[in-house]
Amino acid sequence: MGRLLALILTYLAYLLPAASGSEPQRHHVQHGPCSYTFILPEVEQCHPQKDFQVGDTLQRDSPPQAQPGTSHPEQAKGQTVRPSWQERKLESLESATENNTLWLQKLENYIQENVRSGMEEMKRNAVHTQTAAMLEMGTNLLSQSAEQTRKLTDVETQVLNQTSRLEIQLLEYSLFTNRLEKHILQQTQEISRLNDKNSFLEQKFLALEAQYGRELQSLQSEKQQLQELLERQSQLVTQLQGELGSSTYNSTLLQRQQATLTDTVQQLLAMVNHCNEISAVPKEEPLIFRDCAEILQSGVTENGIYSICLPNSTQTVKVFCDMKTRGGGWTVLQHRRNGSVDFHRGWREYKMGFGEPSGEHWLGNDIIHKLTRSREYSLHVQLRDREGNEAYSHYDHFYIDGEENNYSLHAEGFSGTAGRTSSLTHPGTQFSTKDRDNDRCTCKCAQIASGGWWFEACGPSNLNGMYYPGSSNIVRYNGIKWYYWKGPNMMATMTTMMVRPANF
(Lines give C-alpha, C1' and ligand atoms only; values in the text may rest on other atoms or scores of the structure.)
Protein backbone atom coordinates (compact mmCIF):
# COMPACT_ATOMS: atom_id res chain seq x y z
CA MET A 1 0.00 0.00 0.00
CA GLY A 2 2.87 2.43 0.76
CA ARG A 3 4.39 1.82 -2.66
CA LEU A 4 1.07 2.59 -4.39
CA LEU A 5 0.71 5.88 -2.44
CA ALA A 6 4.20 7.06 -3.40
CA LEU A 7 3.50 6.30 -7.08
CA ILE A 8 0.21 8.24 -7.00
CA LEU A 9 1.89 11.28 -5.36
CA THR A 10 4.63 11.23 -8.04
CA TYR A 11 2.05 11.19 -10.80
CA LEU A 12 0.10 14.08 -9.23
CA ALA A 13 3.32 16.13 -8.94
CA TYR A 14 3.96 15.52 -12.65
CA LEU A 15 0.49 16.59 -13.66
CA LEU A 16 0.27 19.60 -11.31
CA PRO A 17 2.26 22.10 -13.46
CA ALA A 18 0.27 21.17 -16.51
CA ALA A 19 -2.99 21.66 -14.59
CA SER A 20 -2.06 24.91 -12.85
CA GLY A 21 -0.18 26.48 -15.79
CA SER A 22 3.61 26.90 -16.21
CA GLU A 23 5.62 30.12 -16.25
CA PRO A 24 5.77 32.13 -19.50
CA GLN A 25 8.35 30.76 -21.95
CA ARG A 26 11.33 33.01 -22.57
CA HIS A 27 13.71 33.17 -25.65
CA HIS A 28 17.22 34.63 -25.39
CA VAL A 29 19.11 36.01 -28.41
CA GLN A 30 22.76 37.15 -28.32
CA HIS A 31 23.72 39.70 -30.97
CA GLY A 32 27.28 40.88 -30.56
CA PRO A 33 27.78 42.38 -27.17
CA CYS A 34 24.01 42.84 -26.71
CA SER A 35 21.62 40.18 -25.25
CA TYR A 36 17.90 40.18 -26.10
CA THR A 37 15.21 38.34 -24.10
CA PHE A 38 11.87 37.70 -25.78
CA ILE A 39 8.69 36.46 -23.94
CA LEU A 40 7.10 34.00 -26.27
CA PRO A 41 3.35 34.04 -26.58
CA GLU A 42 1.26 31.18 -24.99
CA VAL A 43 -0.15 29.77 -28.14
CA GLU A 44 -2.00 26.91 -26.37
CA GLN A 45 -4.45 29.37 -24.90
CA CYS A 46 -4.25 32.32 -27.32
CA HIS A 47 -4.59 31.58 -31.01
CA PRO A 48 -3.95 34.35 -33.57
CA GLN A 49 -6.84 35.46 -35.67
CA LYS A 50 -6.94 34.48 -39.27
CA ASP A 51 -6.45 38.01 -40.54
CA PHE A 52 -3.44 38.66 -38.34
CA GLN A 53 -0.26 39.33 -40.26
CA VAL A 54 3.18 40.20 -39.03
CA GLY A 55 4.29 43.56 -40.35
CA ASP A 56 7.71 44.97 -40.70
CA THR A 57 6.87 48.31 -39.08
CA LEU A 58 9.16 49.20 -36.24
CA GLN A 59 8.63 51.80 -33.56
CA ARG A 60 10.91 54.66 -34.34
CA ASP A 61 12.06 57.46 -32.16
CA SER A 62 13.07 59.46 -35.28
CA PRO A 63 10.62 61.47 -37.25
CA PRO A 64 8.85 59.76 -40.09
CA GLN A 65 10.26 59.90 -43.58
CA ALA A 66 8.75 62.34 -46.02
CA GLN A 67 6.23 60.99 -48.44
CA PRO A 68 7.03 61.19 -52.10
CA GLY A 69 5.86 64.37 -53.67
CA THR A 70 6.29 66.39 -50.48
CA SER A 71 9.10 68.85 -49.83
CA HIS A 72 10.79 70.16 -46.79
CA PRO A 73 10.16 73.85 -46.00
CA GLU A 74 13.78 74.50 -46.36
CA GLN A 75 13.79 72.72 -49.71
CA ALA A 76 11.16 75.05 -50.63
CA LYS A 77 13.74 77.69 -50.37
CA GLY A 78 15.74 75.78 -53.00
CA GLN A 79 18.34 74.09 -50.74
CA THR A 80 19.22 70.42 -51.11
CA VAL A 81 19.72 68.42 -47.74
CA ARG A 82 21.84 65.29 -47.86
CA PRO A 83 21.58 62.54 -45.14
CA SER A 84 24.45 62.26 -42.72
CA TRP A 85 26.40 59.09 -42.00
CA GLN A 86 24.67 58.67 -38.60
CA GLU A 87 21.34 58.61 -40.30
CA ARG A 88 22.53 56.13 -42.81
CA LYS A 89 23.94 53.92 -40.12
CA LEU A 90 20.71 54.15 -38.14
CA GLU A 91 18.76 53.17 -41.17
CA SER A 92 20.97 50.18 -41.79
CA LEU A 93 20.62 49.20 -38.13
CA GLU A 94 16.87 49.50 -38.29
CA SER A 95 16.82 47.43 -41.43
CA ALA A 96 18.96 44.74 -39.77
CA THR A 97 16.76 44.84 -36.66
CA GLU A 98 13.65 44.44 -38.78
CA ASN A 99 15.17 41.48 -40.60
CA ASN A 100 16.15 39.88 -37.29
CA THR A 101 12.68 40.49 -35.94
CA LEU A 102 11.13 38.74 -38.92
CA TRP A 103 13.57 35.91 -38.55
CA LEU A 104 12.80 35.60 -34.80
CA GLN A 105 9.08 35.61 -35.49
CA LYS A 106 9.47 32.78 -37.96
CA LEU A 107 11.70 30.96 -35.54
CA GLU A 108 9.19 31.47 -32.76
CA ASN A 109 6.36 30.13 -34.92
CA TYR A 110 8.45 27.11 -35.87
CA ILE A 111 9.46 26.46 -32.27
CA GLN A 112 5.91 26.84 -31.04
CA GLU A 113 4.54 24.42 -33.63
CA ASN A 114 7.23 21.76 -33.17
CA VAL A 115 7.75 22.11 -29.44
CA ARG A 116 4.04 22.04 -28.73
CA SER A 117 3.47 18.86 -30.75
CA GLY A 118 6.55 17.24 -29.15
CA MET A 119 5.46 18.22 -25.67
CA GLU A 120 1.98 16.89 -26.30
CA GLU A 121 3.43 13.66 -27.63
CA MET A 122 5.77 13.43 -24.65
CA LYS A 123 2.88 14.10 -22.26
CA ARG A 124 0.75 11.46 -23.94
CA ASN A 125 3.58 8.93 -23.83
CA ALA A 126 4.28 9.77 -20.18
CA VAL A 127 0.58 9.50 -19.32
CA HIS A 128 0.33 6.14 -21.17
CA THR A 129 3.47 4.88 -19.46
CA GLN A 130 2.30 6.03 -16.05
CA THR A 131 -1.18 4.65 -16.68
CA ALA A 132 0.23 1.24 -17.76
CA ALA A 133 2.52 1.22 -14.73
CA MET A 134 -0.37 2.17 -12.47
CA LEU A 135 -2.60 -0.46 -14.06
CA GLU A 136 0.08 -3.09 -13.61
CA MET A 137 0.63 -2.00 -10.05
CA GLY A 138 -3.12 -1.92 -9.48
CA THR A 139 -3.41 -5.47 -10.91
CA ASN A 140 -0.61 -6.64 -8.62
CA LEU A 141 -2.25 -4.91 -5.69
CA LEU A 142 -5.61 -6.49 -6.56
CA SER A 143 -3.95 -9.92 -6.80
CA GLN A 144 -2.22 -9.38 -3.47
CA SER A 145 -5.45 -8.07 -1.97
CA ALA A 146 -7.35 -11.13 -3.27
CA GLU A 147 -4.69 -13.46 -1.87
CA GLN A 148 -4.75 -11.64 1.47
CA THR A 149 -8.57 -11.74 1.44
CA ARG A 150 -8.52 -15.49 0.71
CA LYS A 151 -6.05 -16.05 3.53
CA LEU A 152 -8.13 -13.89 5.83
CA THR A 153 -11.23 -15.88 4.81
CA ASP A 154 -9.44 -19.16 5.53
CA VAL A 155 -8.29 -17.86 8.89
CA GLU A 156 -11.79 -16.60 9.63
CA THR A 157 -13.26 -19.99 8.64
CA GLN A 158 -10.78 -21.78 10.88
CA VAL A 159 -11.57 -19.41 13.73
CA LEU A 160 -15.32 -19.96 13.21
CA ASN A 161 -14.85 -23.76 13.09
CA GLN A 162 -12.72 -23.66 16.20
CA THR A 163 -15.26 -21.41 17.89
CA SER A 164 -18.09 -23.80 16.90
CA ARG A 165 -16.17 -26.77 18.25
CA LEU A 166 -15.45 -24.91 21.46
CA GLU A 167 -19.13 -23.97 21.77
CA ILE A 168 -20.18 -27.61 21.19
CA GLN A 169 -17.63 -28.83 23.74
CA LEU A 170 -18.81 -26.16 26.16
CA LEU A 171 -22.43 -27.29 25.63
CA GLU A 172 -21.43 -30.94 26.15
CA TYR A 173 -19.54 -30.00 29.30
CA SER A 174 -22.59 -28.05 30.46
CA LEU A 175 -24.90 -31.04 29.84
CA PHE A 176 -22.42 -33.36 31.53
CA THR A 177 -22.21 -30.95 34.46
CA ASN A 178 -26.02 -30.89 34.68
CA ARG A 179 -26.14 -34.67 34.66
CA LEU A 180 -23.46 -34.80 37.33
CA GLU A 181 -25.36 -32.28 39.41
CA LYS A 182 -28.56 -34.33 39.06
CA HIS A 183 -26.64 -37.51 39.90
CA ILE A 184 -25.03 -35.84 42.91
CA LEU A 185 -28.44 -34.57 44.00
CA GLN A 186 -29.90 -38.06 43.65
CA GLN A 187 -26.95 -39.53 45.54
CA THR A 188 -27.40 -36.89 48.23
CA GLN A 189 -31.09 -37.73 48.52
CA GLU A 190 -30.25 -41.44 48.58
CA ILE A 191 -27.65 -40.86 51.30
CA SER A 192 -30.20 -38.84 53.27
CA ARG A 193 -32.76 -41.61 52.83
CA LEU A 194 -30.20 -44.23 53.88
CA ASN A 195 -29.28 -42.13 56.92
CA ASP A 196 -32.93 -41.95 57.88
CA LYS A 197 -33.29 -45.67 57.32
CA ASN A 198 -30.11 -46.31 59.30
CA SER A 199 -31.47 -44.24 62.18
CA PHE A 200 -34.73 -46.20 62.02
CA LEU A 201 -32.80 -49.50 61.96
CA GLU A 202 -30.67 -48.41 64.89
CA GLN A 203 -33.76 -47.61 66.87
CA LYS A 204 -35.29 -50.91 65.86
CA PHE A 205 -32.05 -52.72 66.75
CA LEU A 206 -32.03 -51.11 70.16
CA ALA A 207 -35.64 -52.13 70.66
CA LEU A 208 -34.85 -55.69 69.53
CA GLU A 209 -31.79 -55.77 71.77
CA ALA A 210 -33.94 -54.73 74.74
CA GLN A 211 -36.55 -57.31 73.77
CA TYR A 212 -33.81 -59.94 73.38
CA GLY A 213 -32.54 -59.11 76.86
CA ARG A 214 -36.01 -59.55 78.28
CA GLU A 215 -36.49 -62.82 76.39
CA LEU A 216 -33.07 -64.03 77.52
CA GLN A 217 -34.01 -63.41 81.14
CA SER A 218 -37.28 -65.27 80.64
CA LEU A 219 -35.40 -68.12 78.94
CA GLN A 220 -32.96 -68.32 81.80
CA SER A 221 -35.87 -68.57 84.23
CA GLU A 222 -37.49 -71.22 82.01
CA LYS A 223 -34.15 -73.05 81.88
CA GLN A 224 -34.09 -73.13 85.64
CA GLN A 225 -37.60 -74.46 85.69
CA LEU A 226 -36.71 -77.10 83.08
CA GLN A 227 -33.70 -78.21 85.10
CA GLU A 228 -35.95 -78.66 88.11
CA LEU A 229 -38.45 -80.52 85.94
CA LEU A 230 -35.61 -82.68 84.56
CA GLU A 231 -34.60 -83.67 88.07
CA ARG A 232 -38.16 -84.64 88.87
CA GLN A 233 -38.41 -86.61 85.60
CA SER A 234 -35.13 -88.39 86.40
CA GLN A 235 -36.67 -89.53 89.64
CA LEU A 236 -39.76 -90.66 87.76
CA VAL A 237 -37.60 -92.53 85.21
CA THR A 238 -35.87 -94.39 88.01
CA GLN A 239 -39.23 -95.30 89.41
CA LEU A 240 -40.47 -96.36 85.97
CA GLN A 241 -37.41 -98.52 85.39
CA GLY A 242 -38.35 -100.45 88.52
CA GLU A 243 -41.86 -100.81 87.29
CA LEU A 244 -40.55 -101.80 83.83
CA GLY A 245 -38.88 -104.85 85.30
CA SER A 246 -42.13 -106.11 86.59
CA SER A 247 -43.84 -105.18 83.31
CA THR A 248 -41.25 -107.19 81.39
CA TYR A 249 -42.14 -110.27 83.32
CA ASN A 250 -45.81 -109.71 82.62
CA SER A 251 -44.99 -109.08 78.92
CA THR A 252 -43.23 -112.42 78.66
CA LEU A 253 -46.37 -114.12 79.92
CA LEU A 254 -48.46 -112.17 77.39
CA GLN A 255 -46.14 -113.16 74.52
CA ARG A 256 -46.56 -116.81 75.37
CA GLN A 257 -50.33 -116.40 75.42
CA GLN A 258 -50.16 -114.53 72.08
CA ALA A 259 -48.16 -117.37 70.47
CA THR A 260 -50.81 -119.84 71.61
CA LEU A 261 -53.56 -117.67 70.16
CA THR A 262 -51.67 -117.31 66.87
CA ASP A 263 -51.45 -121.09 66.47
CA THR A 264 -55.12 -121.37 67.15
CA VAL A 265 -55.99 -118.70 64.57
CA GLN A 266 -53.83 -120.38 61.91
CA GLN A 267 -55.62 -123.64 62.48
CA LEU A 268 -58.97 -121.87 62.14
CA LEU A 269 -57.86 -120.17 58.90
CA ALA A 270 -56.75 -123.47 57.43
CA MET A 271 -60.13 -124.91 58.20
CA VAL A 272 -61.93 -121.90 56.63
CA ASN A 273 -59.84 -122.14 53.45
CA HIS A 274 -60.62 -125.79 53.19
CA CYS A 275 -64.33 -125.01 53.46
CA ASN A 276 -64.08 -122.28 50.81
CA GLU A 277 -62.38 -124.64 48.37
CA ILE A 278 -65.22 -127.06 48.84
CA SER A 279 -68.03 -124.52 48.36
CA ALA A 280 -66.28 -122.12 45.90
CA VAL A 281 -68.39 -120.63 43.07
CA PRO A 282 -66.61 -119.48 39.85
CA LYS A 283 -66.31 -115.66 39.67
CA GLU A 284 -66.36 -113.45 36.55
CA GLU A 285 -63.03 -111.82 35.62
CA PRO A 286 -63.14 -107.96 35.84
CA LEU A 287 -62.98 -105.96 32.59
CA ILE A 288 -59.56 -104.42 31.79
CA PHE A 289 -59.35 -101.07 29.88
CA ARG A 290 -56.19 -99.58 28.38
CA ASP A 291 -57.49 -95.98 28.33
CA CYS A 292 -60.60 -93.82 28.66
CA ALA A 293 -61.49 -94.33 25.00
CA GLU A 294 -62.12 -98.04 25.65
CA ILE A 295 -64.16 -97.11 28.74
CA LEU A 296 -66.29 -94.76 26.60
CA GLN A 297 -66.74 -97.49 23.98
CA SER A 298 -67.92 -99.86 26.72
CA GLY A 299 -70.90 -97.57 27.31
CA VAL A 300 -69.70 -95.20 30.08
CA THR A 301 -70.48 -91.57 29.13
CA GLU A 302 -69.97 -89.64 32.38
CA ASN A 303 -66.84 -87.77 33.42
CA GLY A 304 -65.14 -89.38 36.38
CA ILE A 305 -62.25 -91.33 37.83
CA TYR A 306 -61.68 -94.78 36.35
CA SER A 307 -59.00 -97.46 36.52
CA ILE A 308 -56.93 -98.44 33.50
CA CYS A 309 -54.26 -101.10 33.09
CA LEU A 310 -51.09 -99.97 31.37
CA PRO A 311 -50.04 -101.97 28.32
CA ASN A 312 -47.49 -104.74 28.87
CA SER A 313 -47.82 -104.26 32.62
CA THR A 314 -49.90 -105.42 35.57
CA GLN A 315 -49.91 -101.87 36.98
CA THR A 316 -53.38 -100.39 37.51
CA VAL A 317 -53.69 -96.58 37.44
CA LYS A 318 -56.58 -94.35 38.44
CA VAL A 319 -57.16 -91.61 35.83
CA PHE A 320 -59.73 -88.89 35.19
CA CYS A 321 -61.72 -89.47 31.99
CA ASP A 322 -63.25 -86.56 30.04
CA MET A 323 -66.27 -88.03 28.24
CA LYS A 324 -67.73 -84.70 26.99
CA THR A 325 -65.06 -82.63 25.16
CA ARG A 326 -64.99 -83.07 21.35
CA GLY A 327 -66.59 -86.52 21.45
CA GLY A 328 -65.08 -87.68 24.79
CA GLY A 329 -62.75 -90.61 25.47
CA TRP A 330 -59.91 -88.37 26.71
CA THR A 331 -57.40 -89.62 29.30
CA VAL A 332 -56.32 -86.57 31.33
CA LEU A 333 -52.53 -86.21 31.79
CA GLN A 334 -52.46 -82.82 33.53
CA HIS A 335 -55.07 -80.54 35.05
CA ARG A 336 -54.92 -77.19 36.88
CA ARG A 337 -57.78 -75.04 38.08
CA ASN A 338 -57.12 -73.28 41.40
CA GLY A 339 -53.43 -73.51 42.39
CA SER A 340 -54.10 -75.92 45.27
CA VAL A 341 -51.19 -78.22 44.24
CA ASP A 342 -47.54 -77.13 44.08
CA PHE A 343 -46.06 -78.00 40.64
CA HIS A 344 -42.51 -76.83 41.43
CA ARG A 345 -41.27 -80.35 42.18
CA GLY A 346 -38.30 -82.61 41.49
CA TRP A 347 -37.55 -85.25 38.87
CA ARG A 348 -38.81 -88.27 40.86
CA GLU A 349 -42.17 -86.69 41.64
CA TYR A 350 -42.76 -85.80 37.98
CA LYS A 351 -41.72 -89.35 37.09
CA MET A 352 -44.19 -91.03 39.47
CA GLY A 353 -46.93 -88.37 39.33
CA PHE A 354 -48.55 -86.27 42.07
CA GLY A 355 -51.89 -84.77 43.06
CA GLU A 356 -55.35 -86.32 42.86
CA PRO A 357 -57.08 -87.22 39.52
CA SER A 358 -60.23 -85.48 40.73
CA GLY A 359 -58.38 -82.15 41.12
CA GLU A 360 -55.02 -80.70 40.16
CA HIS A 361 -52.50 -83.40 39.26
CA TRP A 362 -49.72 -84.65 36.96
CA LEU A 363 -50.28 -88.25 35.85
CA GLY A 364 -46.54 -89.14 35.82
CA ASN A 365 -43.93 -89.31 33.05
CA ASP A 366 -43.49 -93.07 33.31
CA ILE A 367 -47.25 -93.61 32.93
CA ILE A 368 -47.50 -91.11 30.03
CA HIS A 369 -44.58 -92.86 28.29
CA LYS A 370 -46.06 -96.36 28.63
CA LEU A 371 -49.53 -95.15 27.57
CA THR A 372 -48.52 -93.11 24.50
CA ARG A 373 -45.98 -95.64 23.20
CA SER A 374 -48.52 -98.50 23.17
CA ARG A 375 -50.23 -97.06 20.06
CA GLU A 376 -50.78 -93.76 18.15
CA TYR A 377 -52.28 -91.03 20.35
CA SER A 378 -53.35 -87.43 19.72
CA LEU A 379 -52.93 -84.63 22.27
CA HIS A 380 -55.52 -81.98 23.16
CA VAL A 381 -54.58 -78.90 25.26
CA GLN A 382 -57.53 -76.91 26.67
CA LEU A 383 -56.94 -73.37 28.07
CA ARG A 384 -58.98 -70.66 29.81
CA ASP A 385 -57.82 -67.13 30.79
CA ARG A 386 -59.05 -64.92 33.64
CA GLU A 387 -61.63 -63.20 31.37
CA GLY A 388 -63.24 -66.59 30.70
CA ASN A 389 -61.93 -66.90 27.12
CA GLU A 390 -61.19 -70.48 26.08
CA ALA A 391 -58.94 -71.87 23.36
CA TYR A 392 -57.31 -75.15 22.45
CA SER A 393 -54.30 -76.61 20.67
CA HIS A 394 -54.61 -80.04 19.03
CA TYR A 395 -51.77 -82.32 17.87
CA ASP A 396 -52.54 -85.30 15.64
CA HIS A 397 -49.57 -87.37 16.88
CA PHE A 398 -48.09 -87.29 20.38
CA TYR A 399 -45.80 -89.44 22.53
CA ILE A 400 -42.82 -89.15 24.88
CA ASP A 401 -39.71 -91.31 25.18
CA GLY A 402 -38.66 -93.20 28.32
CA GLU A 403 -36.47 -92.00 31.18
CA GLU A 404 -33.31 -93.11 29.36
CA ASN A 405 -34.00 -90.29 26.85
CA ASN A 406 -35.18 -87.87 29.57
CA TYR A 407 -38.83 -88.21 28.43
CA SER A 408 -38.22 -86.41 25.11
CA LEU A 409 -41.32 -84.79 23.59
CA HIS A 410 -42.75 -85.64 20.14
CA ALA A 411 -45.79 -83.70 18.88
CA GLU A 412 -46.85 -83.12 15.25
CA GLY A 413 -49.88 -81.96 13.24
CA PHE A 414 -50.82 -78.71 15.06
CA SER A 415 -54.27 -77.11 14.76
CA GLY A 416 -56.57 -75.11 16.99
CA THR A 417 -57.45 -71.63 18.23
CA ALA A 418 -54.67 -71.06 20.81
CA GLY A 419 -52.29 -69.17 18.55
CA ARG A 420 -51.24 -69.05 14.92
CA THR A 421 -48.55 -71.67 15.54
CA SER A 422 -47.65 -74.29 18.11
CA SER A 423 -46.42 -73.14 21.50
CA LEU A 424 -44.91 -76.55 22.26
CA THR A 425 -41.18 -76.81 21.69
CA HIS A 426 -39.56 -78.71 18.82
CA PRO A 427 -39.69 -82.53 18.66
CA GLY A 428 -36.89 -84.14 20.64
CA THR A 429 -36.88 -81.56 23.46
CA GLN A 430 -36.04 -83.21 26.79
CA PHE A 431 -37.91 -82.82 30.08
CA SER A 432 -36.30 -80.69 32.85
CA THR A 433 -37.00 -80.15 36.55
CA LYS A 434 -35.41 -78.00 39.24
CA ASP A 435 -33.03 -80.85 40.21
CA ARG A 436 -32.26 -82.16 36.68
CA ASP A 437 -31.45 -79.58 34.00
CA ASN A 438 -31.81 -80.92 30.43
CA ASP A 439 -32.57 -77.66 28.57
CA ARG A 440 -30.37 -75.93 25.95
CA CYS A 441 -29.87 -72.73 27.90
CA THR A 442 -26.86 -71.78 30.03
CA CYS A 443 -29.39 -70.83 32.70
CA LYS A 444 -31.63 -73.35 34.46
CA CYS A 445 -35.08 -72.78 32.98
CA ALA A 446 -36.85 -75.05 35.49
CA GLN A 447 -35.57 -72.90 38.36
CA ILE A 448 -36.21 -69.56 36.63
CA ALA A 449 -39.59 -70.39 35.04
CA SER A 450 -40.63 -72.84 37.80
CA GLY A 451 -42.13 -76.32 37.44
CA GLY A 452 -41.15 -79.25 35.22
CA TRP A 453 -41.55 -78.96 31.43
CA TRP A 454 -40.00 -79.43 27.99
CA PHE A 455 -38.15 -76.10 28.12
CA GLU A 456 -35.49 -76.35 25.35
CA ALA A 457 -34.14 -72.72 25.64
CA CYS A 458 -36.85 -71.71 28.15
CA GLY A 459 -39.31 -71.96 25.22
CA PRO A 460 -42.70 -70.39 24.49
CA SER A 461 -44.78 -72.60 26.82
CA ASN A 462 -44.93 -73.88 30.39
CA LEU A 463 -48.25 -75.21 31.70
CA ASN A 464 -46.63 -76.28 34.99
CA GLY A 465 -45.48 -72.79 36.06
CA MET A 466 -46.64 -70.93 39.15
CA TYR A 467 -50.41 -70.50 39.37
CA TYR A 468 -51.46 -66.87 39.91
CA PRO A 469 -55.16 -66.19 40.58
CA GLY A 470 -57.24 -64.34 37.98
CA SER A 471 -57.62 -61.31 40.27
CA SER A 472 -53.85 -60.68 40.30
CA ASN A 473 -52.58 -57.90 38.03
CA ILE A 474 -48.91 -58.79 38.49
CA VAL A 475 -47.31 -60.45 35.46
CA ARG A 476 -44.41 -62.72 36.31
CA TYR A 477 -42.05 -64.69 34.11
CA ASN A 478 -42.55 -67.92 36.06
CA GLY A 479 -46.32 -68.12 35.57
CA ILE A 480 -48.35 -70.44 33.31
CA LYS A 481 -47.40 -69.60 29.71
CA TRP A 482 -48.75 -70.40 26.24
CA TYR A 483 -46.98 -67.64 24.27
CA TYR A 484 -48.66 -67.78 20.84
CA TRP A 485 -52.12 -67.40 22.33
CA LYS A 486 -51.78 -64.51 24.81
CA GLY A 487 -48.08 -63.66 24.67
CA PRO A 488 -45.97 -63.52 27.84
CA ASN A 489 -48.77 -61.83 29.82
CA MET A 490 -51.31 -64.65 29.83
CA MET A 491 -53.03 -65.23 33.18
CA ALA A 492 -54.45 -68.77 32.84
CA THR A 493 -57.07 -70.00 35.29
CA MET A 494 -57.50 -73.51 33.83
CA THR A 495 -55.29 -75.87 31.80
CA THR A 496 -55.85 -79.48 30.77
CA MET A 497 -53.66 -81.91 28.80
CA MET A 498 -55.41 -85.12 27.62
CA VAL A 499 -54.87 -87.86 25.03
CA ARG A 500 -56.91 -90.42 23.15
CA PRO A 501 -56.14 -92.79 20.26
CA ALA A 502 -55.40 -90.97 16.98
CA ASN A 503 -57.88 -93.19 15.07
CA PHE A 504 -60.72 -92.63 17.54
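This is a predicted model: local features need pLDDT of at least 70, side-chain atom pairs count only at pLDDT 80 or more; totals for chains, interfaces and linings use all residues.
**Figure 1. The chain as a whole has eight helices and 13 strands.** The chain has 504 residues, and buried residues make up 26% of them. Its accessible surface comes to about 35900 Å², with 55% of that area belonging to carbon and sulfur atoms. Of the contacts between residues at least 6 apart in sequence, 54% join residues at least 24 apart. The structure also holds 12 salt bridges and 12 aromatic pairs. Some of these are shown in the views that follow.

Figure 2. R150 has a relative accessibility of 43%, so R150 counts as partly exposed. D154, at 34%, is partly exposed as well.

**Figure 3. Strand 3, strand 4 and strand 5 are linked by antiparallel pairing.** Strand 3 covers residues 304–309 and strand 4 covers residues 316–322; six bridges join them. In this pairing, C309 stands opposite T316 of strand 4. Six residues lie between the two strands of the hairpin, and N312 takes a positive phi near 55° there. Strand 4 also pairs with strand 5, residues 330–336, over two bridges. There, D322 has W330 in strand 5 as its bridge partner.

**Figure 4. Salt bridges are formed by R290 with E294 and by E387 with R386.** In the R290 and E294 bridge, nitrogen and oxygen are 2.9 Å apart. R290 is partly exposed, with a relative accessible area of 33%. E294 has a relative accessible area of 19%; this is under the 20% limit, so E294 is buried. In the second bridge, the closest N and O atoms of E387 and R386 are 3.5 Å apart. E387 is exposed at 53% relative accessibility, and R386 is partly exposed at 35%. Salt bridges with shared partners join R290, D291, E294 and R375 into one network.

**Figure 5. One aromatic cluster includes Y350 and F431.** The structure holds 12 aromatic pairs. In the pair of Y350 and F431, the ring centres are 5.5 Å apart and the planes meet at 55°, so the pair is tilted. This pair links distant parts of the chain, its two residues being 81 residues apart. Y350 belongs to helix 5, residues 347–352, while F431 is in the loop between strand 10 (409–416) and helix 7 (445–449). Both residues are buried. The cluster is formed by F343, W347, Y350, F354, W362, Y407, F431, W453 and W454.

**Figure 6. Arginine residues sit over the rings of W347 and Y399.** The charged end of R436 is 4.3 Å from the centre of the W347 ring. W347 is one of the residues in the aromatic cluster of the previous view. In the other case, R373 lies over the face of Y399, at 4.3 Å from the ring centre.

**Figure 7. E456 and C458 have positive phi values.** Most residues other than glycine have a negative phi. Phi of E456 is near 55°, and phi of C458 is near 70°. E456 lies in the loop between helix 7 and strand 11, residues 461–462. C458 is placed in the loop between helix 7 and strand 11 too. E456 is buried, with a relative accessible area of 15%. C458 is also buried, and its relative accessible area is 8%.

Methods:
Residues are numbered from 1 along each chain as its sequence is written. Side-chain values use heavy atoms; hydrogens and water are left out. Two strands pair if DSSP finds at least two bridges between them. Helices (H or I, at least four residues) and strands (E, at least two) are DSSP runs, numbered from the N terminus. A salt bridge is a side-chain nitrogen of Lys or Arg within 4 Å of a carboxyl oxygen of Asp or Glu. Buried means under 20% relative accessible area, exposed over 50%, partly exposed in between (1.4 Å probe, protein chains only). Contact means heavy atoms within 4.5 Å. Accessible areas come from the Shrake-Rupley method with a 1.4 Å probe; for residues, only the protein chains shown count as cover. Rings of Phe, Tyr and Trp (its six-membered ring) pair if their centres lie within 6.5 Å; planes under 30 degrees apart count as stacked, over 60 as edge-to-face and the rest as tilted. A charge sits over a ring if NZ of Lys or CZ of Arg is within 6 Å of the ring centre and within 35 degrees of the ring normal.
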